[in-house]
Amino acid sequence: MSSHQATIPAPRREQGSGGASAGWKVVVLLLGIAVGVLAIAAVAAVQAADEARDEAGSAEAASPATAVHDHSATASATASQSLPLQSFAGATGANADALAKAHVAYDATLPAVPAGDLVEIHMTLKYMVVEIAPGVKYNTWAFDGHGAPGPILHVRQGQTVQMTLTNGGTIPHSIDFHAARIAPNHAFTDVAPGKSFTFRFQANDPGVFMYHCGTKPVLAHIANGMYGALVVDPATPLPHADKEYVLVASEWYLNGDGVSTPASLDMSKARAMMPDWTTFNGYANQYVTHPLTAKPGQTVRLYVVAAGPTLDTNFHVVGTIFDRAWVNGDMTQHQSGVQTVAAPAGGGAVFDVKIDDEGLYPFVSHAFAHVDLGQVGLLRVGNPKGTMTH
Ligand SMILES: [Cu+2]
C-alpha cells in the first residue's frame with residue numbers, strides 16, 4: 001500500500017500593502033479556526049448530553065430496586081466501535097462434522113412436574129466456557145452450570161415456585177420470571193457475588209414463559225446465556241401429547257471466532273443485532289445432527305421460547321401444519337391449521353404437530369437468516385431412509 005504526504009506551501013513574507021492583506025488573511029484564518037473549535041465543542045456537548053441521559057435512564061430504572069450495580073462490568077460494553085463490524089458467522093473448528101456428532105445435544109425433553117404444592121428450585125450462577133457451534137467456544141454466564149439455556153422448569157398451574165439464586169460469579173446477577181406476578185424490585189433484585197436470594201411466587205398463569213437475568217445491562221446478561229424456559233401446565237390438562245420438547249431460541253454475538261480461544265460478547269454487534277450464530281437450546285444445528293424423534297401418528301408438542309436477547313423467532317415446521325398453536329402461550333385458546341407463528345423476543349408459544357408419514361421434518365425460524373446462522377433442527381418421524389438434503 002502506498003502513502004502520500006500533504007503538500008504544505010512554504011510561508012511567504014508579505015510587504016507594503018500586501019501586509020494589510022496578510023493581516024486580513026490571518027483574521028479570516030483565526031475566525032475559521034474558531035468556528036471549527038465551536039463545532040467540535042458542540043458535538044462534544046451533544047455526546048455528553050446523550051451520555052448523561054443514558055446515565056439518568058439507568059439510574060431511574062435502577063432506583064426502585066435495592067440493587068447493587070457494578071459499572072466496571074459494563075466498561076467494555078460502553079466502549080464504542082466503528083462500523084463495519086466483523087462477522088464470524090459459519091466459522092467453525094476444523095472437522096466440524098465430527099465435532100457436531102461428538103457434541104452431546106441439550107436434552108429438549110420436557111421434564112415431569114414435581115409433586116406437591118411447593119416446587120423448590122435452586123440455581124447457582126457459574127461462569128463457564130461452552131460450545132455454541134462445532135469447535136466454537138464462548139465464555140457464558142450460566143444458570144446452574146447448564147450453559148445456555150438454563151434448566152427447563154416445569155410446574156402445574158397453582159403450584160408455588162420457591163426460587164433460590166446463588167451467585168457464583170464476580171458481578172451482581174438476578175433472575176426474572178415472566179410467569180410471576182410479583183414486584184420486581186423485591187423479587188428480581190440483584191444478588192451480590194457469593195450471596196444467595198430466595199423468593200416465592202404462585203404460578204397462576206399457564207403457558208410457556210421465559211426467565212432471565214435482569215441485571216443491567218440486560219442485553220449483555222441475556223446475550224451471555226442467562227435465560228431459560230418455564231412451562232406452566234394448565235390446571236385443566238391439554239389434549240394428550242406423546243412427545244413434549246422445549247426449544248429456546250437465542251442469538252450469540254462474538255468478539256472472535258471462538259475456535260482458538262473462547263469468544264466473549266461483542267456489545268456493539270449485540271446493539272447492531274448482528275449475530276454470529278442463532279440457535280435452538282444454545283448450539284447451532286444440534287438437532288440436525290441429533291434429531292428430536294417421534295413415531296408416525298404421534299402428537300408432538302413443542303414449547304418454544306424466544307429468548308433473544310433481541311430477535312424474534314418465526315417458528316415453522318417444514319412439511320406439516322400446526323394442528324394446534326397456542327399463540328403467545330395463551331393456553332385458554334388455540335389456533336388450528338396455521339403454518340408459521342412468531343414468538344416475540346421475551347415470549348413463547350406452544351405447538352402440536354401430528355405427522356403420519358415417516359420422514360425428516362425440519363423445524364426452523366422462517367426468518368431464514370436464522371436458519372443460515374444455525375437455528376434449525378430436525379424432527380425424525382419413524383426411521384426414514386436417507387438424510388435431509390436441504
Ligand atoms: Cu446476570
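What share of the contacts in the protein chain with a separation of 6 or more comes from residues 24 or more positions apart? The views below start with that answer.

**Figure 1. The whole chain, a predicted model.** Residues 24 or more positions apart account for 75% of those contacts with a separation of 6 or more, a contact being heavy atoms within 4.5 Å. The protein chain has eight helices and 18 strands; these are DSSP runs numbered from the N terminus, with helices (H or I) of at least four residues and strands (E) of at least two. Of its 390 residues, 45% count as buried, where buried means under 20% relative accessible area, exposed over 50% and partly exposed in between (1.4 Å probe, protein chains only).

Residues are numbered from 1 along each chain as its sequence is written, and side-chain values use heavy atoms, leaving out hydrogens and water. Because the model is predicted, local features need pLDDT of at least 70 and side-chain atom pairs count only at pLDDT 80 or more, while totals for chains, interfaces and linings use all residues.

**Figure 2. An open sheet of five strands.** Follow the order E11-E18-E17-E13-E15, in which the pairing is mixed; two strands pair if DSSP finds at least two bridges between them. Strand E11 (292–294) and strand E15 (340–343) stand at the edges with a single partner strand each, so one side of each has no neighbour in the sheet. From one strand to the next, the twist averages 25°.

**Figure 3. Strand E13 and its pairings.** Four of the five residues of strand E13 (residues 313–317) are buried, so this strand is largely enclosed by the rest of the structure. Four bridges join E13 to E15, and the two run antiparallel; look for Asn314, whose bridge partner in E15 is Ala342. E13 also pairs with E17 in the antiparallel sense, over three bridges, and Phe315 stands opposite Ser365 in E17.

How values were computed
Axes fitted to C-alpha atoms, helices over the stretch in contact; angles between N-to-C directions.
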